[in-house]
Amino acid sequence: MADIGPVVRSDHYPLDAPGLWVERIGSSVFAAGTPALFLDRDGTINVDSGYPSDPADIVLRPEMLPVIRTANIVGVPAIVVSNQSGIARGYFGWPEFAAVNARLLTLLEAQNCRIDLVLACAYHSSGTGELAAGDHPMRKPNPGMLLRARDLLGVDISRSIIVGDKADDMEAGRRAGLCEGWLVNGSSNRTSAEGMFRTRNLTTDNDHSKLCDAIAELGRD
């Protein structure tokens, strides 16, 4: 596993920059070149309640639990990559994000699901001061968070998968060089024009079973 290097902490939070949260969870060690499972947060792991800032509002989407658990079992790191424009917009701050993040991790742990790394980007064009950025490289659809995770854990990005509920999640995966993305409740099942990145639907129980099989296969490669 690659050394994550120093993280600048602001008010005791793992901020790598004013608008970038980088938090390593646990102490699992992954061999260099292991593929990863990238996961959007709101609307993918938990029900999207719209700029969630209250831990009490966090409700897991049960269909995602076997997906994360499969990654844990086969030794594929589970990495959250989440846009958090609510911080830039002034709806809440890093303390509220920290509380929601902690609640999410606790709920997942109770279901025997482990997240290995959390990255969150607060930059947005509607922000002010240091968080005002119209097209920040860390904000999806840009691939910055995925590439940062690649460097931190030494994963093989070309064999990695992203799961998300928005086209921006899929585009971030394509730009990062991932092999495929699974779109929650999506209606896209196509290969990119470059022929490298494939978007698959993630709607039915059968879709989720296929995703679990795909992750298990990553662990066997």
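Reader: Which residues are linked in a network of salt bridges?

Author: In this predicted model, the network links Asp-40, Lys-140 and Asp-169.

Reader: Why is the contact of Asp-40 with Lys-140 called a salt bridge?

Author: The closest N and O atoms of Asp-40 and Lys-140 are 3.0 Å apart. The rule asks for a Lys or Arg side-chain nitrogen within 4 Å of a carboxyl oxygen of Asp or Glu, so the pair qualifies. As background, side chains of opposite charge can pair when their charged atoms come close.

Reader: What makes this a link between distant parts of the chain?

Author: The two partners are 100 residues apart. Asp-40 sits in the loop between β3 (37–39) and α1 (65–74), while Lys-140 belongs to the loop between β5 (117–121) and α4 (144–153).

Reader: How do you know whether Asp-40 and Lys-140 are buried or exposed?

Author: Buried means under 20% relative accessible area. Asp-40 has 7%, so it counts as buried. Lys-140 has 2%, and therefore it is buried too.

Reader: How many salt bridges does the rule give?

Author: The count comes to 14. Among them is the pair Glu-171 and Arg-174, with 2.7 Å from N to O, and that value is within 4 Å, so the label holds. Both residues lie in helix α5 (residues 167–176), three residues apart, about one turn of the helix.

Reader: What makes Glu-217 and Arg-220 a salt bridge, and where do they lie?

Author: Their side chains meet at 2.8 Å, N to O, which is within 4 Å and so meets the rule. Both are in helix α6 (residues 205–220), and because they are three residues apart, about one helical turn separates them. Glu-217, at 39% relative accessibility, is partly exposed, whereas Arg-220 reaches 58%, and because exposed means over 50%, Arg-220 counts as exposed.

Reader: Why is strand β2 called largely enclosed?

Author: Strand β2 covers residues 20–24, and four of its five residues are buried, so the rest of the structure largely encloses it.

Reader: How do you know which strands pair with β2?

Author: Pairing takes at least two bridges. Strand β1 (residues 15–17) and β2 have two, in the antiparallel sense, so they qualify. A hairpin through two residues joins β1 to β2, and Leu-15 stands opposite Trp-21 in β2. Strands β2 and β5 run antiparallel with five bridges, so they pair too. There, Arg-24 stands opposite Leu-117 in β5.

Definitions and conventions:
Residues numbered from 1 in each chain as written. Predicted model: local features only at pLDDT ≥ 70, side-chain atom pairs only at ≥ 80, totals over all residues. Heavy atoms only, no water. Buried < 20%, exposed > 50% of the residue type's maximum accessible area, 1.4 Å probe, protein only.
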